[in-house]
Amino acid sequence: MPTHYDLYQLEDMSGGDKEFMKTVVEAFLIEIPPDLESMQLAIDNDNHKMAYQFAHKMKPNLEMFGIDLIREISAMERWADSNKPTSAIRPQLNTIVTMVNDAIAEMRKDWKM
């Protein structure tokens with residue numbers, strides 16, 4: 001049983017179709033790492049708008065896999081609408097990066113990808 005992600009919503013959406021689930025997991029593993037990296041780069045470059053776009057883009061995928069980062073993603077979206085320095089969002093970014101990378105590593109192992 002996964003500890004860094006949850007398959008409940010995916011199983012419900014797929015009707016338990018393992019091939020479909022595998023395809024969705026594969027898409028997650030292809031799309032999320034570059035989006036996460038781009039979000040980090042946007043923050044490093046103090047590009048609030050770009051950070052918002054990547055945080056917002058990742059949100060439904062994270063929710064689908066039960067990766068509970070809604071507070072951190074919401075904070076990222078609020079930060080993007082502010083003039084606050086990158087140091088203000090760094091703790092949330094670190095949490096997002098750690099949790100997403102843990103989930104990715106576990107998915108790769110569990111799904112043999």
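This is a predicted model: local features need pLDDT of at least 70, side-chain atom pairs count only at pLDDT 80 or more; totals for chains, interfaces and linings use all residues.
Of the 113 residues in the protein chain, 41% are buried.

**The whole chain**

Display the C-alpha trace first. Along its principal axes the trace spans about 45 × 20 × 20 Å. The radius of gyration is 15 Å, which agrees with the value near 13 Å that a compact globule of 113 residues would have.

Next, colour by secondary structure. The protein chain contains five helices and zero strands, so that the order from the N terminus reads α-α-α-α-α. Then show contacts between residues at least 6 apart in sequence: 67% of them join residues at least 24 apart.

**The surface and its charges**

Now select the charged side chains, of which 12 are positive and 19 negative. The centres of these two sets lie 3 Å apart.

Hide the surface and turn to the interior. In soluble globular proteins, nonpolar side chains tend to be buried together. Here the largest nonpolar core has 36 residues; select Phe28, Met39, Phe65, Ile67, Met76 and Met107, which touch the most other members. Two or more core residues come from each of helix H2 (18-44), helix H3 (48-64), helix H4 (70-80) and helix H5 (90-110). With ten residues, H2 gives the most to this core.

Centre the view on Phe28. Leaving aside residues up to four places away in sequence, Phe28 touches Pro33, Asn61, Leu62, Phe65, Ile67, Ile104 and Met107. Of these partners, Phe65, Ile67 and Met107 are also among the core residues that touch the most other members.

Finish with the backbone. Most residues other than glycine have a negative phi.

Select Asp46 in the loop between H2 and H3. Asp46 counts as partly exposed because its relative accessibility is 43%, a value between the limits of 20% and 50%.

Then move to the segment after H5, where Lys112 is found.

Note on methods:
Residues are numbered from 1 along each chain as its sequence is written. Side-chain values use heavy atoms; hydrogens and water are left out. Helices (H or I, at least four residues) and strands (E, at least two) are DSSP runs, numbered from the N terminus. The radius of gyration is taken over C-alpha atoms; the globule rule is 2.2 Å times the number of residues to the power 0.38. Buried means under 20% relative accessible area, exposed over 50%, partly exposed in between (1.4 Å probe, protein chains only). Contact means heavy atoms within 4.5 Å. Lys and Arg count as positive and Asp and Glu as negative; His and the chain ends are not counted. The place of a charge is taken as NZ of Lys, CZ of Arg, CG of Asp or CD of Glu. A nonpolar core is a set of buried Ala, Val, Leu, Ile, Met, Phe, Trp, Tyr and Cys residues joined through side-chain atoms within 4.5 Å.
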